[in-house]
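Open your viewer and keep the selection tool at hand. We will go from stop to stop, and at each one you will hear what to select and what is there.

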Amino acid sequence: MNALEATDLTVRYGDLTAVDRVTLTLAEGETLAVLGANGAGKSTLLAALAGTHLPVSGSVLLDGEPVGRLPAHRRVRRGIALVPEGRRLFGSLTVEENLLMGRYPRRAGQWDLGAVYDMFPQLADMKDRRGSVLSGGQQQAVAIGRALLANPRVLLLDEVSLGLAPTVVAQLYDAVRRITASGTTALVVEQDLDQALRVADRVQCLLGGRTVLESPAAGLDRDTVADAYFGITRRAG
């Protein structure tokens, strides 16, 4: 059984179709990278999976059970946790207080405060620092840690690399690799192809809200992904 499955998912903003009949599957312990340029529908797809924007049609299954009409807070309790684009921390709260916000669903699992501090040791050293004074990379680490404290069945990561220096991005993706190696199922939305391929088992590329490429990540030709990313069709010969 798949951990997460979406079938013919369509999401609109008014008359604009942002996600058009997208189907995806995510097996237990697998990491799927969803790629695409700005406006491809990646973040909207995550919003539909997380329950922050309900689709107009299609289905979402978690462990074979329908969750597509559930609001976001009930999906968190069922095991879907989102690390949103832009981190969305509470600036007036400390690092530890922000992290503990993820614990409210009280799902059983391997992730507790100590495990998060083991994954991100720098956060333990700044646990009393307010979120508003953190660097972008530190905020992203807190956002990931907050989602982990919900002990998700499926972790959704939206644009981990956004606005961050390459060295910081590499460090964060090292942590993502360790998180997924521990058995966490993950869906990563990303524009940085190199980082996405570092962690992904499979790749799905969106263009104009539709799936234009699905492939195992291993051995995937970079030019093939780039062509799908930009909608380029190459002629033979």
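Strands here are DSSP runs of E with at least two residues, while helices are runs of H or I with at least four residues, both numbered from the N terminus. Before you move on, note that this is a predicted model, in which local features need pLDDT of at least 70, side-chain atom pairs count only at pLDDT 80 or more, and totals for chains, interfaces and linings use all residues. Residues are numbered from 1 along each chain as its sequence is written, and side-chain values use heavy atoms, with hydrogens and water left out.

**The sheet**

Now select β1, residues 2-13, together with β2: eight bridges join them in the antiparallel sense. Two strands count as paired if DSSP finds at least two bridges between them. Strands of a sheet pair through backbone hydrogen bonds, either parallel or antiparallel.

**Charged pairs**

Side chains of opposite charge can pair when their charged atoms come close. A salt bridge is a side-chain nitrogen of Lys or Arg within 4 Å of a carboxyl oxygen of Asp or Glu, and by this rule the count comes to eight salt bridges.

Select R210 and D20, a salt bridge whose closest N and O atoms are 2.7 Å apart. R210 sits in strand β10 (residues 210-216) and D20 in strand β2, so the pair ties together parts that are 190 residues apart in sequence. Is D20 buried or exposed? D20 is buried, at 16% relative accessibility, whereas R210 is partly exposed at 44%. Buried means under 20% relative accessible area, exposed over 50%, and partly exposed in between (1.4 Å probe, protein chains only).

Move to R153 and D63, which meet in a salt bridge (2.5 Å, N to O). R153 is in the loop between α6 (136-148) and β7 (154-158), D63 is in the loop between β4 and β5, and they are 90 residues apart. D63 is partly exposed, with a relative accessible area of 28%.

Then try D174 and R198, another salt bridge, with the closest N and O atoms 2.3 Å apart. Because D174 lies in helix α7 (residues 166-181) and R198 in helix α8 (residues 193-199), the pair ties together parts that are 24 residues apart in sequence. D174 is partly exposed at 32%, and R198 is partly exposed at 29%. Salt bridges that share partners also join D20, R21 and R210 into one network.

**Two arginines with positive phi**

Stay with R21, in strand β2 (residues 16-27). Its phi is near 55 degrees, a positive value in a residue other than glycine. Now jump to R87, in the loop between β6 (80-83) and α3 (95-100). R87 is not a glycine, yet has a positive phi of about 75 degrees. R87 is buried, with a relative accessible area of 11%.
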